[in-house]
Structure formats: structure tokens, C-alpha cells
Amino acid sequence: MDNIYKIVLASNSPRRKQILDQLNIEYEICPSGVEETVSSSVPTEVCQELASKKAMDVAASIRTYNELHKDIVSPQNILVIGADTIVAANEEILGKPSDENDAVRMLKMLQNSSHSVFTGVAFVFISKEGRVGEYHFYEESKVYFYPMGDDDIKRYIDSGEPMDKAGAYGIQGKAAEFVRSIDGDYYNVMGFPIARILNELKTLGVKIKRYY
């Protein structure tokens, strides 16, 4: 049985690409343009619902393309991976800040405290015969911040880094100076729990291509 799958990442995140690259995993990029609306306010449900929407959106595009171009498409197993990362603190989901004042509000909420980072991951399998199946899960990490003074927060916001990050910070960037400890997977906080992803695929009997 041929269980080798071509990976398509339904994201244009440079951090997710970096993680796949450092493990020499072969993949293609096909970002989803689906609207990020959700039916729940529960973090574990929200991140999985958004990941699933992204993966299913890209999978639908691939199937449509394959149907329209049967004469040039070589049948192969395809795995679309969707992921969505959210930050939650004090029962509030913190998305990307709307402006600098919102970033200040979020960082003041996170400083000298702990919060959770959830990443939902969705696998959408497209077999050579066109059959589709889905599998999803989430990973949670706890992050603890040192106290941050107003000057620390202003300096960090002035760097521009927080403005396109969920929770108004990027752990792999300048926010490293504020992180006291992490309980869980560091790569999950970056937005892609790669060890969990690979172990889930191994459990499912799915093989992927690497450059070595």
C-alpha cells in the first residue's frame, strides 16, 4: 500500500515554513483565503475549527484543479495541513492587536502572569483516487512572563514586532527577553507543534518525503 503523502501547507507563515525546512521536510505552500469566522468562543474549539477551515479550503481547491486538469496531473496522495494558533488569558482569546493601544492592553495583561497558547492542527487527506478524510487535534503550552514595565512595553511595540502576532508577541523574536518559562512545546508557541504533528502522522501510518 502506498502511504507516502505529498504535503501542502495551507499557510504562508514564515515560522511554519522555517520549522518544516529545519527538518528537511518536502512541502508546497498553498495559503488559504477562507474567512476566519468561528462558531465557538472556547479556545480549544476555535483553533481546531479555524485549522480545519483552512485545510478544507485548500483541499477543495486542489481537488477542483485536479478534476479540471486530469490530462496533466499525476495521481498522488496529498496531505493538506492547516494550523491556527491563538493566545488566551483571563478567559479572553487574544488575536492580533488592532492598534498600538490594543497591543499595550494585551501585553499588560500578559506581563508577570501566565497564559495559554493553543495551536489547532488539521490534516486533510486526499488519496490518489480522490477520497477525502480529515483528522484534527490541538496542542496547549503555558507561557509565563516576567514583569514588564511601561518602558519595556513601549520599546517592544516601537519595534513593530507585536502588531501581526496573536497575543501581541512573538516568542522567537524580541519578546524572548520577557519569557520566564514555558510549560509545554516551544514550537507550539511558535505556531507549529512539529513533534506532535510528526508523531500523529506516524500513528496514522502516514509517510512523508524528506530531503535526506
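## Exercises on pockets and aromatic pairs

The second largest pocket of this predicted model has 14 lining residues, and N66, E67, V73, K128 and G130 are the ones nearest its centre.

**Exercise 1.** Describe the second largest pocket by volume, main contributing element and residue class.

Solution. Step one: the volume is about 270 Å³. Step two: α2 gives the most to the lining, with three residues. Step three: the lining divides into four nonpolar, five polar and five charged residues.

**Exercise 2.** Classify the ring pairs F123 with Y135 and F145 with Y169.

Solution. The model has nine aromatic pairs. Step one: the ring centres of F123 and Y135 are 6.1 Å apart with planes at 20°, which is under the 30 degrees limit, so the pair is stacked. F123 belongs to strand β5 and Y135 to strand β6, twelve residues apart. F123 is buried at 0% relative accessible area, whereas Y135 is partly exposed at 28%. Step two: the rings of F145 and Y169 have centres 4.9 Å apart and planes at 70°, over the 60 degrees limit, so this pair is edge-to-face. F145 lies in strand β6 and Y169 in the loop between α4 and β7, 24 residues apart in sequence. Both F145 and Y169 are buried.

Technical notes:
Residues are numbered from 1 along each chain as its sequence is written. This is a predicted model: local features need pLDDT of at least 70, side-chain atom pairs count only at pLDDT 80 or more; totals for chains, interfaces and linings use all residues. Side-chain values use heavy atoms; hydrogens and water are left out. On a 1 Å grid over the protein atoms alone, a cavity is a set of points where a 1.4 Å probe fits but cannot get out, and a pocket is an open set with protein on both sides within 12 Å along at least five of seven lines; lining residues have an atom within 4 Å of a point. Grid points are joined across faces, edges and corners, and a volume is the space filled by probe spheres set on the points. Helices (H or I, at least four residues) and strands (E, at least two) are DSSP runs, numbered from the N terminus. Ala, Val, Leu, Ile, Met, Phe, Trp, Tyr, Cys and Pro count as nonpolar, Asp, Glu, Lys and Arg as charged, and the others, Gly among them, as polar. Rings of Phe, Tyr and Trp (its six-membered ring) pair if their centres lie within 6.5 Å; planes under 30 degrees apart count as stacked, over 60 as edge-to-face and the rest as tilted. Buried means under 20% relative accessible area, exposed over 50%, partly exposed in between (1.4 Å probe, protein chains only).
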